[in-house]
Amino acid sequence: MKRLNIPNTDLNVSEISLGCMRINQLTNAEIDHLIRTALDHGIDFFDHADIYGGGECESKFAEALNMTP
């Protein structure tokens, strides 16, 4: 996976990001699988916005992070 430095930060992230716009339509198990698959393939840059699912997408993402070791 190619990596990018985000200008004016110390962040070095994957060139590909995982969009999380509709993850509120997934079960917790499906979100967990999606995140694990992304991480297994070197994707560690996740696209979020507070308007995705009325904020529910971010909440479900946070819940899923608690499910991952």
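**Reading the model**

Modeller: K2 lies in the segment that precedes β1 (3-5); helices (H or I, at least four residues) and strands (E, at least two) are DSSP runs, numbered from the N terminus. This is a predicted model, in which local features need pLDDT of at least 70 and side-chain atom pairs count only at pLDDT 80 or more, while totals for chains, interfaces and linings use all residues. Residues are numbered from 1 along each chain as its sequence is written, and side-chain values use heavy atoms, with hydrogens and water left out.

Biologist: Is K2 buried or exposed?

Modeller: Buried means under 20% relative accessible area, exposed over 50%, and partly exposed in between (1.4 Å probe, protein chains only). K2 counts as exposed because its relative accessibility is 58%.

Biologist: Which residues does K2 touch, not counting those up to four places away in sequence?

Modeller: Contact means heavy atoms within 4.5 Å. By that rule K2 touches V13, S14 and E15.

Biologist: How many disulfides does the structure hold?

Modeller: A disulfide is a pair of cysteine sulfur atoms within 2.5 Å. The structure holds zero, because the sulfur of C20 is 7.7 Å from the closest cysteine sulfur, in C57, too far for a bond. C20 is buried, at a relative accessible area of 1%, and C57 also counts as buried, at 1% relative accessibility.

Biologist: What pattern does the protein chain follow along the sequence?

Modeller: The pattern is β-β-β-α-β-α, with two helices and four strands.
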